[in-house]
Amino acid sequence: ALIARARALAREGDADAADELLRAASTLLPLSPQPLLLRGNLEAFARRRPEAALRLYAASLALHPTYEAHYFSGAAHAARGAWDAALAAYDAAAALEPSRLAPRLAAAEALLRVEGIDAAREALQRAAEIDPRAAAPLVARARVEATAGGGGGAVAAYRELTERLPYEAKHMAELAALLVAQPEEARRPATPNATPTPPCPLPLPEAAAYPGAPTAADAAAAALALDPTTSLPPAVRALLPSPPPPPTPSASAAAASLPRGPCALLRHHPSLAPFAREAEGGVCEVSLPAGETTRLHSRQPRGVLVPPGATLRLVGRGATLDAGGASRHFVVAEGGVLQLRGVTLTGGRAMLSSGGAVFLLPGATLEATDVTFSRNRAVFGSGGAVASRGAAVLAERCAFLDNEATFRGGALSATSLPSAAATLRLRGVSFDGNGAARGAADVQLRSVAVEGEAEGAEVAAEGEGEGVEEEGAAEALPEGVRQLCVECVVEGLELQEGPQLGGAALRLLREAARADVRCPAAFSALSTFLYTHAFDEEAAAAAAAFAAVRPDEPLAAQFEATRSHASARALHLRAQTLNKEVAALRKGNPSTTPFSNKTAAQDAATTAFLLSLRLSPSDGDVWHDLGTSLFFAGEKAEADRVYAAGLAAAPQHAALRREARLAALFPAAPDEAQSAVAAFPAAAFRRVQLPEGSFSAAAEADVAAGEEAFGGAPAAFVSAAPLLSREECADAIAAAERWAERRGGWTTSRHYSVPTTDVPLSELDSVLPWFNAALHRTLLPALASRYPHVAPLVAKLCVLDCFLVKYSAAAQNQLPTHADQSLLSFTISLNDPSEYEGGGTWFSALGAAVDAPAAGHVIMFPGRVEHGGHPITAGTRYVIVLFMGYSANRSGRPEGYVLEQLEQLRAEARGGEAKDEL
Ligand SMILES: O=C(O)CCC(=O)C(=O)O
Ligand SMILES: [Fe+2]
């Protein structure tokens, strides 16, 4: 008890009190070495007096020699620069506990001073052999080389570290900085493949650039991919490529006009969209301008996704598609088919992943005819041009030129998975100038047989019987297994970021853990994925399997804590992940969770948010995320309550304050407003019947999914009389123009594919009072009268957003089709149609624009109906656009149920604590 108390005091920084207790302990237990050891640590670490520490360690050792006393003596000697003595102490520690890495790594640093770099390297080499999966020896090696003066040795050490364990942003950033400082190391050799593959596990020869070796710019990009908040020195930052120029308006328009059909997969790819058309058989065919080079601008490093079941055909007739080293070209999902014909793919780069030009997921197909793959790279990945994980590749008359991979297969890498065989058929395929840092300059095959001939290719076939020995020590780690595990982890991590790719990510992470059950990185990536996606049973099994083979690994214990919902951060991440999965389910995309429907998935997300809040009740981000999640789930009443409770718990949180401000700017109508509904009979409106299929398919999010709320064929309504007076309309326009004048122009604050010209109504102080009065008097009662099934009560209607929009023939003259993030929307005309030509609210399914007959009239419609602002060709059109929500729960559950669940969870926790105390 004395020792435990002393430890606690030392942790709190009270060295004197701790020392006193330890002296008392020594008196009680004169033969115990421990109080003396701990007093030594107090001297060494709290008081920074190594000499005093050494005397106490010596006294402790005299009573009984322990590993700790030897190890800490070494550290104290090292702190004084007594390297020989440090070395002796570390050796003694290692002799007592031969499997511990720490004294060996520390000894290497001492050896560097006493005997030089070669002796230090040798010691580290031996340490690495103790646990070939451990990061520490590689990190120590890099540090020792850097201490020894940097140079080629340090570059080699950092390359080894980052290629073996490509998971840490910090190490990537250090490699980048080192390469920038040593530009000659970053230069590529004149002849690729001239340098042999580095030997394993540690390459001792001085570093030389080799094919596939990451450059400084690659390492910097890798650091940012691993952790976007990584700080990079200016010299390194300067290497990052500048973002691509924005797409031309016509290309954007072409992309935006592809919301449905097989070419929808190019909706976010304005560089390809203009050349796309729907071909026979539901194929999206892209015909690139013959003989020309088209630059691919992918916002995602993973490239253009060919989704499950889709077919994309790229026809070149001698054209080139250049990714400019900024992204991969294509990633093909399960059941997706990519057909390439007569095209050159160049400049593709996979970052921390495989397949520099094309990455094929289990069950995907690539058919390439008359295709050249040139100068594509897989950085920290395999298959410089093409990588297949359990996919089919058919290549006819193709050439692979000068492609590179950091790992294996400079041109091509194919791996069969237990659940998906990879197949490879080559006819008239040639290879030249490809290279890979870790072997198989051209083609790497794992359990794959090639059908056909590969001219002049260096092929490395691996697989079958390369598994880790079940019994036996950690040493049993064949190089192929280690490499497979690293590749599957980086690829799985890349894919888990992408929509529709979660299933493939999970398969690859499972494959990594299966290939090497002892690998901490594979366990960590898989278990995190399983936990965040709520695969709780599989997570338990994975944890048990890992703990069984690596009982001492702290990761196992950490994950146990996570699994028992003891980490607020992990819970927040789980909630956010499940929330994204709900969004996928809403769009009708496959989701990677154990839940069969979105209600169950949403409930799991809500519970995870609440469990996180139970642990950290004043985390405003979690409160805000929960509110937003509920809002998009249609649980608006819960969202409102959660935002309010969140603001009370985190009064400084900016986003929560914004929500509160909006609620205050547009207060709910009083109950009396309900009586005005009767003043709006059917005859007060022109009803515009919208056809089936009016709701937007390109739903980014569903506030209240259209058809679920409104039925198949919804209606829009145009008021027969003005709901705002002429004076009010004129006042609003004048206030907006004055505001724009003061600001030096209108804002472009709302973001559809093109900027909009508008002012938020919240900025117009003089307009708000009368506008709110008009809302309660006419606008909201009118809305409630026409949509009694979704919004019967005026007092429950709430403003989600409101802005005044200006269209002019000369400037912004239209708004592309879209869906609003609202339950119901208004367009309120502020001027007469005689003041402009064209205009009106365009309804896509109707194929026509609907306009108000005069200023002050309104058009009302369900927000999820696909619509836009029809172009005007002359004059100016002013409208107020109003997004409305309804403060009720679409699920029909009683209001307040979410906060009630939080109370229950808290009570359960208190019950648990009480039991612990008993
Ligand atoms: O201009 C219109 O009539 C439609 C405007 C609109 O849909 C919007 O601003 O969201
Ligand atoms: Fe809209």
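Buried means under 20% relative accessible area, exposed means over 50%, and partly exposed lies in between. The model is a predicted one.

1. Helix α1 covers residues 2-12, and its buried residues are Ile 3, Ala 6, Ala 8 and Leu 9. An α-helix has 3.6 residues a turn, so residues three or four places apart point the same way. The partners of the buried residues of α1 are α2 (15-28) and α3 (34-46), against which they pack. After α1 comes Gly 13, with a positive phi near 95 degrees.

2. Arg 39. Helix α3 also holds Arg 39. Is Arg 39 buried or exposed? Arg 39 counts as buried because its relative accessibility is 12%, and the cut-off for buried is under 20%. Beyond its neighbours within four places in sequence, Arg 39 has contacts with Asp 19, Leu 22, Arg 23 and Leu 56.

3. Arg 260. This arginine belongs to the loop that runs between α15 (249-256) and β1 (276-279). With a relative accessibility of 44%, Arg 260 counts as partly exposed. From Arg 260 to Thr 372 the chain runs 112 residues, and their C-alpha atoms are separated by 31 Å.

4. Two positive phi values. Most residues other than glycine have a negative phi, and most peptide bonds are trans. Arg 397, which is not a glycine, has a positive phi near 45 degrees. Arg 397 is placed in the loop between β14 (392-396) and β15 (399-401), and a relative accessibility of 46% makes Arg 397 partly exposed. Ala 440 is not a glycine either, and its phi is positive at about 60 degrees. The loop that holds Ala 440 lies between β19 (435-436) and β20 (443-446). Ala 440 has 5% relative accessibility and therefore counts as buried. Anyone checking backbone geometry will want to look at both residues.

5. Gln 602. Helix α22 spans residues 598-615 and includes Gln 602. Why does Gln 602 count as buried? Its relative accessibility is 7%, and the buried class takes values under 20%. Setting aside neighbours within four places in sequence, Gln 602 contacts Asn 579, Val 582, Arg 586, Ser 629, Leu 630 and Ala 633.

6. The ligand site. Which residues are closest to ligand 1? They are Tyr 807, His 818, Thr 841, His 867 and Arg 877, out of 16 residues that surround ligand 1. On its own, ligand 1 has 300 Å² of accessible area, of which the protein covers 99%. The site of ligand 1 is the largest cavity. Two or more residues of the shell around ligand 1 come from each of β26 (797-808), β27 (815-818), β33 (867-869) and β34 (872-886).

7. Pro 833. The loop between β28 (824-829) and β29 (836-838) contains Pro 833. Pro 833 counts as partly exposed because its relative accessibility is 25%. Residues up to four places away in sequence aside, Pro 833 touches Asp 851, Ala 852, Pro 853 and Ala 854. Ala 715 is 118 residues from Pro 833 along the chain, and the C-alpha atoms of the two are separated by 22 Å.

8. His 857. Where is His 857 found? His 857 is in the loop between β31 (848-850) and β32 (858-862). Its relative accessibility is 6%, so His 857 counts as buried. Not counting residues up to four places away in sequence, His 857 touches Ser 719, Ala 720, Ala 721, Pro 722, Thr 827, Ile 828, Ser 829 and Ala 852. Ala 852 is also among the residues that Pro 833 touches. Between His 857 and Asp 640 there are 217 residues of sequence separation and 30 Å of space, C-alpha to C-alpha.

Terms used:
Residues numbered from 1 in each chain as written. Chains lettered and ligands numbered in written order. Predicted model: local features only at pLDDT ≥ 70, side-chain atom pairs only at ≥ 80, totals over all residues. Heavy atoms only, no water. Buried < 20%, exposed > 50% of the residue type's maximum accessible area, 1.4 Å probe, protein only. Helix = DSSP H or I, 4+ residues; strand = E, 2+ residues; numbered from the N terminus. Contact = heavy atoms within 4.5 Å. Near = heavy atom within 4 Å. Areas by Shrake-Rupley, 256 points an atom, 1.4 Å probe, with all protein chains shown as cover. 1 Å grid on protein atoms, 1.4 Å probe; cavity = no way out; pocket = protein on both sides within 12 Å on 5 of 7 lines; lining within 4 Å. Sits in = over half its atoms within 2 Å of the grid points.
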